[in-house]
Amino acid sequence: MTALTLTNVCKSFGPVEVLKDINLTVEDGEFVVFVGPSGCGKSTLLRVIAGLEDATSGTVNIGGDVVNTVPPAKRGIAMVFQSYALYPHLSVRDNMALGLKQEKQPKSVIEERVSKAVQMLDLGAYVDRRPSDLSGGQRQRVAIGRAIVREPKLFLFDEPLSNLDAALRMNTRIEIAELHRTLSASMIYVTHDQTEAMTLADKIVVLRDGHVEQVGSPMELYNNPANRFVAGFLGSPAMNFLKKAPLDMPQNGTLGIRPEHLRLVQGGRIKGRVTHVERLGGDTNLLVATDQQEAMTVRLFGQDATAVGEEIELDFDNTSAFAFDAQDQRVSP
């Protein structure tokens, strides 16, 4: 069964069109990530799916049912916000159980579901504590547990890790991935962080200015971006773009080369001077000003002795390069 189908979904706030003709399918058990820059419409789209905003036009179908006029509580969804939204006066156990109590579920069902979620999220030592006694990562796990006990058709995550520090983000990201594998549940996850998108998603939806730019698996989008925006958004360090390229290019076109595809060689087609060096231990990033006055980043695996101010020569395999036309659409190099 298809978990979610969006058909020609549009959303406007007065004269401002925020979502523009969105068509998307989420399969049962699929982990889909909405990614894009701030203001692209990804959180608004999630809120339309949840029923927190009404679609101006188009159809929202969850689990085979059109839900445009169905209130959020009846849509069979559970949402996890970046702000946790826990009740400060309730214990962990009671926060997780509250939604089920409001649904008037039997006490035995509530106890069974809460116990299962507590065990799954390793919260056994904290069930009698209040949110103020928990770390940020623990609070987010309680919020996720509150969603799990609902046994929803669809989990919705709205930038759930943005309030956590780097180490906690990585740990919680792993926990969410393990949770998805354990539950085999349908999940939609909103983030502006392309690393989260690449590491979590079965399918990525790249949004810009209310449009879907491209949909595909992480590696499909990384290896075969449809346009310059997608190519530049996915990948860290970001793709290099050259207007003065050492290849035959479309008129007013752009050449894209990922930093890891560049190599230091004698007689390379690109010449430049190193302006900055980032020594990361396992990798070394060189920031380079080319002799055509264009900026590039070179990712070298391992440690490298190249110093700031050195004149260097770079080259690349033509098959690893990306060519974009004057409208920034992908063409063959």
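**Figure 1. Five strands of the predicted model form an open sheet in the order β13-β17-β14-β15-β16.** The pairing within this sheet is antiparallel. Strands β13 (263-264) and β16 (295-301) stand at the edges, each with a single partner strand, so one side of each is left without a neighbour in the sheet. Strands of a sheet pair through backbone hydrogen bonds, either parallel or antiparallel.

**Figure 2. Strand β15 (residues 283-290) is joined to β16 by seven bridges.** The two strands, β15 and β16, run antiparallel. Within this pairing, L287 stands opposite T297 in β16. Strand β16 is one of the edge strands of the sheet.

**Figure 3. Strand β3 (residues 31-35) is mostly covered.** Five of the five residues of β3 are buried. In a regular strand the side chains alternate between the two faces of the sheet. In β3, both faces are covered: F31, V33 and V35 lie on one side, V32 and F34 lie on the other, and all are buried.

**Figure 4. Strand β3 pairs in parallel with strand β8 (residues 187-191) and with strand β9 (residues 203-208).** Five bridges join β3 to β8, and V33 stands opposite Y189 in β8. Four bridges join β3 to β9, where V35 stands opposite V206. Both V33 and V35 belong to one side of β3 and are buried.

**Figure 5. Residue G216 is found in strand β10 (residues 211-216).** G216 counts as buried because its relative accessibility is 6%, the limit for a buried residue being under 20%. Leaving aside residues up to four places away in sequence, G216 touches K203, I204 and L221. The C-alpha atoms of G216 and V32 are separated by 9.5 Å, although these residues are 184 residues apart along the chain. V32 is itself a buried residue of β3.

**Figure 6. Helix α2 (residues 92-102) packs with helix α3 (residues 107-120).** Two packed helices are described by the angle between their axes and the distance between the axes. For α2 and α3, the angle is about 140° and the axes are 10 Å apart. That angle makes α2 oblique to α3. The crossing of α2 and α3 is right-handed.

**Figure 7. Residues of α2 and α3 meet where the helices are in contact.** From α2, the residues are R93, M96, A97, L100 and K101. From α3, they are I110, R113, V114, A117 and V118. By class, the contact of α2 with α3 has seven nonpolar, no polar and three charged residues.

How values were computed. Residues numbered from 1 in each chain as written. Predicted model: local features only at pLDDT ≥ 70, side-chain atom pairs only at ≥ 80, totals over all residues. Heavy atoms only, no water. Axes fitted to C-alpha atoms, helices over the stretch in contact; angles between N-to-C directions. Parallel < 35°, antiparallel > 145°, perpendicular 65-115°, else oblique. Left-handed = near helix turned anticlockwise from the far one by under 90°. Contact = heavy atoms within 4.5 Å. Nonpolar A, V, L, I, M, F, W, Y, C, P; charged D, E, K, R; others polar. Buried < 20%, exposed > 50% of the residue type's maximum accessible area, 1.4 Å probe, protein only. Pairing = 2+ DSSP bridges.
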